[in-house]
Amino acid sequence: MSPKHVVFKKISRDKSVAVYMAKRDFVDHCDFVDPVDGVIVIDPAQLKGKKVYVMLSCTFRYGRQDMDVMGVAFRRDLFLVTRQVYPELQDKEKLTHTKIQKKLLKKLGDNAFPFFFEFPDNLPCSVALQPGPSDVGKKCAVEFEVKAFCAEHQDEKIDKQSSVRLSIRKIQFSPENSKVVPVTETTFEFLMSEKPLHIKLSLPKETFYHGEPVKVNVEITNSSSRNVKDISMSVEQVTNVVLYSNDKYVKSVAKEDTTDSVPSGTSLKKDYTLYPLLAYNKDRRGIALDGRLKHEDTNLASSTIVKDEVLKEVQGMLVSYKVVLRMIASGSVSVMVSVELPFRLMHPKPEPDDMVFEEFKRAYLKGVVYGDDDESPTEA
């Protein structure tokens, strides 16, 4: 028996327009992004001669909606495109791009019309900064939305009664396993010491999955005259906020402080295990999270992968991770020594069956009450 597809449906309050979408997560494969497609159903009697438009937007919000200063809203549209769906500007067949659209059009009748958008290369993925316990309102986030509305023309003020809004996400999965083994070696030389301190840091692989422990191999050869002590290991999340200028936020999301030491003339070879999990970082303001849709748990933000040719054009939030080894080299003047090694933290690419299961599992949750801003799924 073939798996059922779950279609997310939302109807405007005046019932003039409804949106049907087969999924709300759209994958950035680096060389292309899944297109956004769906079907609009209209009620000609309720439209009263108005046109129907669909808008796809990517917004970077960096403050609550009520935090306007001197008339300046704390948000910026990174991408905004609007298309007229009704009356059709082309035949339905030319506007229909996917099998799901064809199936929905057949099922929903003559008042159903398809829409289709493609993402440009330079948009970030859905990311949000975790608010603090006392913060209220919208968080700082990159958000994507599909909006359908009725109007005389597309630039007029949108009537909430005649509009539908559906939050969607742009996400990335881990690429195929690479054979790259991350490793870095560094030598430190000190005054009044004839020989150096040598440090080698390595990881078993380049990409770790969310929830997976990060095992770090450390090799220290201390030929210097200094004693090394207070070794600590951490995983640091680096969030580059690129808008009008570049801001960088560095947060330790996993850390192990030790009493390990490497006296002069000795060496150390040891594995350290770190657990970069959101569960250990609850309520910490400024931690980057994967964008979240309602009723879904989230996790630490996935590493961002951007094509080199569009890196300078990308705005929003770019996330990366690194393992950092720190230690004190004691002497007449103690010196902090540190070594960094970048890696990726992502979700594995799911199997097709997993994708179907994730998309329709909420359809049969009993007792769920859907509010005005929630989307109830329906079978197609």
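Helices (H or I, at least four residues) and strands (E, at least two) are DSSP runs, numbered from the N terminus. With that in hand, let's walk through this chain, which has 4 helices and 21 strands. The model is a predicted one, where local features need pLDDT of at least 70 and side-chain atom pairs count only at pLDDT 80 or more, while totals for chains, interfaces and linings use all residues. Residues are numbered from 1 along each chain as its sequence is written, and side-chain values use heavy atoms, with hydrogens and water left out.

How confident is the predictor? Its confidence in each residue is the pLDDT, from 0 to 100. The mean pLDDT of the chain is 82, and 84% of its residues reach 70 or more. Over residues 65-71, however, the pLDDT is below 50, and this stretch has 6 contacts (heavy atoms within 4.5 Å) beyond near neighbours in sequence. Residues 353-380 also have a pLDDT below 50, with 58 such contacts in the model. Where pLDDT is low, the predicted coordinates should not be read in detail.

Now look at the chain as a whole. Among contacts with a separation of 6 or more, 68% join residues 24 or more positions apart.

Let's visit Glu236, in strand E15 (residues 227-242). Glu236 counts as buried because its relative accessibility is 8%. Its side chain makes a polar contact with the side chain of Arg326, at 2.9 Å. A polar contact is a pair of N or O atoms within 3.5 Å; within protein, one must be able to donate a hydrogen and the other to accept it, and residues adjacent in sequence count only if both atoms are side-chain atoms. Not counting residues up to four places away in sequence, Glu236 also touches others, including Val250, Ser320 and Tyr321.

Our next stop is Met327, found in strand E19 (residues 316-330). Is Met327 buried or exposed? Met327 counts as buried, because its relative accessibility is 0%. Leaving aside neighbours within four places in sequence, its contacts include Ile199, Ile220, Val228 and Val337. Met327 and Val337 are 10 residues apart along the chain, and their C-alpha atoms are separated by 5.3 Å.

Notes. pLDDT is the predictor's confidence in each residue, from 0 to 100. Buried means under 20% relative accessible area, exposed over 50%, partly exposed in between (1.4 Å probe, protein chains only).
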